[in-house]
Amino acid sequence: MPPYLKFFVKALTMINMWPQESISTFTIKQYYVSAITTITTFPIIADLVAQFQEENISFTNINENFVALSALFGVIYVSLCFINKKKEIKTLVQDLATFENYSPKSLIQKTDESLEFYTKLFIVYGIVGNACYGLLPVLNYDYCQNHKPSHMVKYGIPCGLVVRFLLPFKCDYFPLAELIALHECAICMLGTTVIMVITMLICGVLIHTTTQLKYFRKIIAGLTTQYDTETLEKKMKFCVKFHTAIIDYATRADSCFTQMMLLHITWTGFVISVLGFEITTTSNYIEAVRFLMHLLGWLGMLFLVCYHGQNLVDEVLNTRNYIINLRTRIVSQFFQSLAISDAIYSFYWYKKEVIVQKYVLLILLRSHKPLTLKACGMKVMSLATFLAVMYSAYSYFTLLLKLT
């Protein structure tokens, strides 16, 4: 087992998504989350189709089905993307130990422990949220019984479910209705666990990369007081290797998770708008609370990825004008690490030996490479992207209001 990110490895192993033994070994068990989730979508789609046979179609009920299907399709998409990149992700987690060659082991351990603590808090929220999500429909049982649409009566769809299931046979009697309710709760718990663990794993990789960049900047800043040429040359070689290792790791991380991020910049905005519409239009406060918890979960996962992606951008990229020519003070726009550039310039590298200047220039040139987490190479996961998704969600939300 890798020395770091153990919690995520254990969690993914428990749900049979972490590759065992040989990385390239194919096991059908890795696809059971996607398979079960896909099967669960069929009764929901059947109920959605049946609703269009109603004389008075309930837009609210249709949205409930869309919310459930969106969440399930999200689980399927993320789990398949993870499995598709399982070899690279496993190697990425294992290679985190290579930073022990450049930074103190205690620094990596401290970062890992902090990440594990906050991940557990987030998962606890997910468990509590799922418990409420499954129990609140039970509290709403009488309301559902008194406002049953005709297709629920016709096809024997029970009340008290997380989402309506239309099966080839009637199931509104004991114990079949209770078994379906338990199945739905189990699917909710499984799907939430998969999404949360993978999301926090991505955040963990971003946090570790950012921590290494901060330590690298600290080393560069510490070279200011170093005057021995031989020692300075040795430390500069070390810095070049360290910087290269960080760039390589961040680039591979982007390659591993870029497909998963596509979900956040496309589907998340639509889901948030539908949930917001349900919360603001429903007259049933129990349903409103249930959908509010669902909404907070989607917002939380999107914000965490964007926030830590922004932290990486802030540490690596400088998108503002900075002085590149110290003599003429010509201002240019570059994508470059602001913190690292400041440390390099304050180092007075131009007064050092030629060999030292060469190493410094190598670091400066490589600092032009942006280290980011992108969604399929299109958008950088940052706070700006978070606001863009919120804007698109608001646009969908206003469109839904106009349609109704």
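1. Glu315 and Arg217 form a salt bridge, with the closest N and O atoms 2.9 Å apart; the term denotes a side-chain nitrogen of Lys or Arg within 4 Å of a carboxyl oxygen of Asp or Glu. Glu315 lies in helix H10 (residues 285-316) and Arg217 in helix H8, so the pair ties together parts that are 98 residues apart in sequence. Helices (H or I, at least four residues) and strands (E, at least two) are DSSP runs, numbered from the N terminus.

2. The model is predicted: local features need pLDDT of at least 70, side-chain atom pairs count only at pLDDT 80 or more, and totals for chains, interfaces and linings use all residues. Residues are numbered from 1 along each chain as its sequence is written, and side-chain values use heavy atoms, with hydrogens and water left out.

3. Glu315 is buried at 7% relative accessible area, whereas Arg217 is partly exposed at 28%. Buried means under 20% relative accessible area, exposed over 50%, and partly exposed in between (1.4 Å probe, protein chains only).

4. A network of salt bridges links Asp47, Glu64 and Arg164. Arg164 pairs with Asp47 at 3.0 Å between the closest N and O atoms; Arg164 is in the loop between helix H7 (150-155) and helix H8 (176-222), and Asp47 is in helix H2 (residues 32-51), 117 residues apart. The salt bridge between Arg164 and Glu64 has an N to O distance of 3.2 Å.

5. Arg164 has 10% relative accessibility and counts as buried; Asp47 is buried at 0%. Glu64 is buried as well.

6. Across the whole structure, the search finds seven salt bridges. The protein chain has 13 helices and four strands, and 49% of its 404 residues count as buried.
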